[in-house]
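Biologist: I am new to this one. Please show it to me, and let me ask what stands behind each label.

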Amino acid sequence: MRRCLVAAAIVISTPLLADVNWVTISSDSNRRIEVDPASVRKEEGNKQVVLGRIVFDRELNDPRTGAYKSIEALTRYDCMKRTHTTLKRTWRSAEGELLREEEVRASAEMPVRTGSLDDKLLREVCRPKTAVAAQASAARLAEKAGDAAEDLRRANEAILQKEIDKEKAREKAAAKPIRKAAMPASEQAPDKVVEKVIEAVAKKPLMKLAGAPAESVAPAPRPRPRSRPASAKPVAPPDMAAARFHANVHWDYEGEGHPDNWSKLKPEFATCGSGKRQSPIDIRDGIRVDQPPIDFSWRPSEFRIVDNGHTLQVAVGGSGISLLGKRYELVQFHFHRPSEERIDGRGFEMVAHFVHKSEDGNLAVVAVLIERGVENPFIQTLWNYMPLERNRDVMPPGVAIDPGQFLPVDRAYFTYMGSLTTPPCTEGVQWLVMKQPVQASAEQVAIFSRLYRNNARPIQPTFGRLIKESR
Ligand SMILES: [Zn+2]
């Protein structure tokens, strides 16, 4: 082993720069490995220099340094040759005070072994910056999903119009001539017509999008332009009755758009009322088994946050999970207050839902319950960039978040088959609810409450559904 030359051993008391945004790459019970994504500097020949650090769970001591809590290292990674070179090491106290600094002059270029920590770091810094690419594809996806939703809306309106016409013809046939003369056709007891149409439509299989709807799954969609291209003529409401049927009541958690009314607001929301595998549920009586671990590949990336009128929703790039060998990409995550799901009747302060989608359109949602406790750095970064206005997304350049940092240490989970908890309440969603909650401070919860005091759908009946849990 070659020895590195120590150029200087300086002791100065500079506090740790407050604006360093450390993200965790890996952690165990003794230490945490973090990097500062903002420090990544590209050098010639596909080399990257990055500042990383090891934070120990307790203070360590050595005669030259004294009591230290973390070691920072400036390292050069050669992405092509797969080597690493330490350029500088810095020891810091628990308070972040700089204790000792070593400039490493003789550049020992060490090979990076597969599976080692350096391998992890190398992959991290050599990986193309996914957030930018993700943003572009997210915008495309949102556009595509928006078009699909538009087609769906038109198809359903056509069905609705047909039913209205049929119903009117029946009414007309039954109506007395004098009444017919006194009242224009379009105003014939519209509510009665509408009621019948609702009944008829509820029985009809409506057209559904493959997979899930745009508003639930599209990553933080941008506000859609008001005017559509000239070739796609806007669809006028079929008539007064239909207009009243749609009534422009948006789904909500209170008032006219209350969860009990969701199924009546739009034909495509019918499942919210008739579904037998709806979410959320009160999780109890789970079958305790050795569950396959969820293979998380949640990675640090830049993010986009939007207040979509129902929640704060965040899109990131390059993260996903594998479950029994099947890959699901993280499409978006968002928050509810209080938690929608309960465990043995117990509710939580908040919950974060990480919505994943497989290539063939299956959905898997990881729920991370949040209880009141210490401040959560992951949530704090998001709240720092909380949008000022609805439907205007914020994408802070150069700021990364690491969803992996937000996961509880214990990866045990409950799983059951359910639905989206927002209209259209699409079923066939596999829920993965982490058993161990994470913490957020009272202030952080209060900040979210300023926007959404209650955005949780009430508990749905399980209809004897099977629930499994890690033992
Ligand atoms: Zn949710």
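Modeller: Start with the naming. Helices and strands are DSSP runs, numbered from the N terminus; a helix needs at least four residues and a strand at least two. This is a predicted model. The protein has 11 helices and 23 strands.

Biologist: Where does that numbering place Pro280?

Modeller: In the loop between α8 (271-274) and β9 (282-283).

Biologist: What makes the peptide bond from Ser279 to Pro280 cis?

Modeller: Its omega, which is near 0°. Most peptide bonds are trans. Pro338 sits in the loop between β15 and β16 (342-343).

Biologist: Why is Asp285 called exposed?

Modeller: Asp285 has 10, so Asp285 is exposed. Asp285 lies in the loop between β9 and β10 (287-289). Its phi is near 55°, a positive value in a residue other than glycine.

Biologist: How do you know whether Leu324 is buried or exposed?

Modeller: Count again. Leu324 has 7 C-beta neighbours inside 10 Å, so Leu324 counts as exposed. Leu324 belongs to the loop between β14 (320-323) and β15. Phi is positive for Leu324 too, near 50°. Most residues other than glycine have a negative phi.

Biologist: Why does Glu329 count as partly exposed?

Modeller: Buried needs 20 or more, exposed 12 or fewer, and partly exposed is in between. Glu329 has 17 C-beta neighbours inside 10 Å, so Glu329 is partly exposed. Strand β15 (residues 326-336) holds Glu329. Beyond four places in sequence, Glu329 touches Gly320, His356 and Lys357.

Biologist: What makes His353 buried?

Modeller: Its count is 25 other C-beta atoms within 10 Å. The cut-off is 20 or more, so the label is buried. His353 is in strand β17 (residues 350-358). Its contacts beyond four places in sequence are Phe333, His334, His336, Val365 and Ala367.

Biologist: Which residues have the most contacts inside the largest nonpolar core?

Modeller: Val365, Ala367, Val368, Ile370 and Leu432, in a core of 65 residues. Strand β18 (residues 363-372) gives the most to this core, with 8 residues. Beyond four places in sequence, Ile370 touches residues including Phe348, Met350, Val351 and Val438.

Biologist: How do you know on which side of helix α9 the buried residues lie?

Modeller: The helix covers residues 377-384, and its buried residues are Phe378, Ile379 and Leu382. They span an arc of only 95° around the axis, so they are on the same side of α9. An α-helix has 3.6 residues a turn, so residues three or four places apart point the same way. The buried residues of α9 pack against several elements, among them β12 (301-307), β13 (312-316) and α11 (442-451).

Biologist: What is the mean pLDDT of the protein?

Modeller: The mean pLDDT is 76, and 66% of the residues reach 70 or more. Residues 175-216 have pLDDT below 50, yet the model gives this stretch 62 contacts beyond near neighbours in sequence. Residues 218-246 also stay under 50, with 49 contacts beyond four places in sequence.

Technical notes:
Residues numbered from 1 in each chain as written. Predicted model: local features only at pLDDT ≥ 70, side-chain atom pairs only at ≥ 80, totals over all residues. Arc of directions from axis to C-beta. Contact = placed C-beta atoms within 7 Å. Core = buried A, V, L, I, M, F, W, Y, C linked by C-beta atoms within 7 Å. pLDDT = per-residue confidence, 0-100.
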